[in-house]
Amino acid sequence: MGVRSSKLSRIMGGSERPKNPILTPKGYVPVTVGLNNETQRFMVHTRALGDADFLELLCRSVEEYGFYNQGILRIPYEAKDFEEWIRKGAKHNIFRVMPS
C-alpha cells in the first residue's frame, strides 16, 4: 500500500513531498530522548511501549511534561544511557535516527 493523494491536494499542489523526509516505519513511534538541548531521536517499535523498563521512562515523561504535550513523544533521560539500555537489554526493535 502506498500513500495516495486526493484530487484536491493535487490541484492545490499539496502532493509535493519535502526532500529527505524522516518517515516513521509502520509499527514504530518516533521518540526524542534527552535532557536540555542534548537530545537524540529514536524509532521505538509499538511492542516496546508495554515493556516494564520503557513504561518507567514513559512515567518520567508524564511527570516532566504531563499527558498532553504537543508534538513528538519526549522522554527526559540521558540519551547515551538510553542507547546503552538498547544495546544491553531492549527486547524490542528500537533504533536511533541519524540527523541528516
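Predicted model: local features only at pLDDT ≥ 70, side-chain atom pairs only at ≥ 80, totals over all residues.

A: Ser61 belongs to helix 2. Apart from neighbours within four places in sequence, Ser61 is in contact with Gly66, Leu73, Arg74, Ile75 and Pro76.

Q: Which residues of helix 2 are buried, and how are they placed around the axis?

A: The general idea comes from helix geometry. An α-helix has 3.6 residues a turn, so residues three or four places apart point the same way. In this case the buried residues are Phe54, Leu57 and Ser61. They lie on the same side of helix 2, because the arc they cover around the axis is only 55°. Ala52 and Glu63, on the other side of helix 2, are exposed.

Q: What span does helix 2 have, and what span is expected?

A: Helix 2 has 14 residues, and the distance from its first C-alpha to its last is 20 Å. That is close to the 20 Å expected at 1.5 Å a residue. After helix 2 comes Gly66, with a positive phi near 85°.

Q: How many helices and strands does the protein chain have, and in what order do they run?

A: The protein chain has three helices and four strands. Read from the N terminus, the elements follow the pattern α-β-β-α-β-α-β.

Q: What is the order of the strands in the sheet, and which are the edge strands?

A: Again, the general idea first. Strands of a sheet pair through backbone hydrogen bonds, either parallel or antiparallel. Here four strands form an open sheet in the order 3-1-2-4, and the pairing is mixed. Strand 3 (73–75) and strand 4 (94–97) are the edge strands, each pairing on one side only. From one strand to the next, the twist averages 35°. Helix 2 packs on this sheet, where it touches strand 2 and strand 3, and its direction makes about 100° with that of strand 3.

Q: How many bridges join strand 1 to strand 2, and which residues stand opposite each other?

A: Strand 1 and strand 2 run antiparallel and are joined by eight bridges. Val31 has Phe42 in strand 2 as its bridge partner, and Thr32 stands opposite Arg41 in strand 2. The two strands form a hairpin with two residues between them. In the turn, Asn36 has a positive phi of about 55°.

Q: In what sense do strand 2 and strand 4 pair?

A: Strand 2 and strand 4 pair in the antiparallel sense, over four bridges. Within this pairing, Phe42 is opposite Arg96 in strand 4.

Q: Is His45 buried or exposed?

A: The test is the relative accessible area. For His45 that value is 12%, so the residue is buried. His45 is in strand 2 and, not counting residues up to four places away in sequence, touches Gly27, Tyr28 and Asn93. The C-alpha atom of His45 is separated by 6.1 Å from that of Ile94, though the two residues are 49 residues apart along the chain.

Q: Which residues does Ile94 touch?

A: Ile94 lies in strand 4, and its relative accessibility of 10% is why it counts as buried. Leaving out residues up to four places away in sequence, Ile94 touches Phe42, Met43, Val44, Ala48, Phe82, Trp85 and Ile86. Ile86, counted in the same way, touches Phe42 and Ile94.

Q: Which residues make up the largest nonpolar core, and which element gives the most to it?

A: In soluble globular proteins, nonpolar side chains tend to be buried together. In this structure the largest nonpolar core has 12 residues: Val31, Val33, Phe42, Val44, Ala48, Phe54, Leu57, Ile75, Phe82, Trp85, Ile86 and Ile94. At least two core residues come from each of strand 1 (28–35), strand 2 (38–45), helix 2 (52–65) and helix 3 (79–89). Helix 3 gives the most, with three residues.

Q: What share of the protein chain counts as buried, and what share of contacts joins residues at least 24 apart?

A: The protein chain has 100 residues, of which 23% count as buried. Among its contacts between residues at least 6 apart in sequence, 50% join residues at least 24 apart.

How values were computed
Residues numbered from 1 in each chain as written. Heavy atoms only, no water. Core = buried A, V, L, I, M, F, W, Y, C linked by side-chain atoms within 4.5 Å. Buried < 20%, exposed > 50% of the residue type's maximum accessible area, 1.4 Å probe, protein only. Contact = heavy atoms within 4.5 Å. Pairing = 2+ DSSP bridges. Axes fitted to C-alpha atoms, helices over the stretch in contact; angles between N-to-C directions. Expected span 1.5 Å × (residues − 1). Arc of directions from axis to C-beta.
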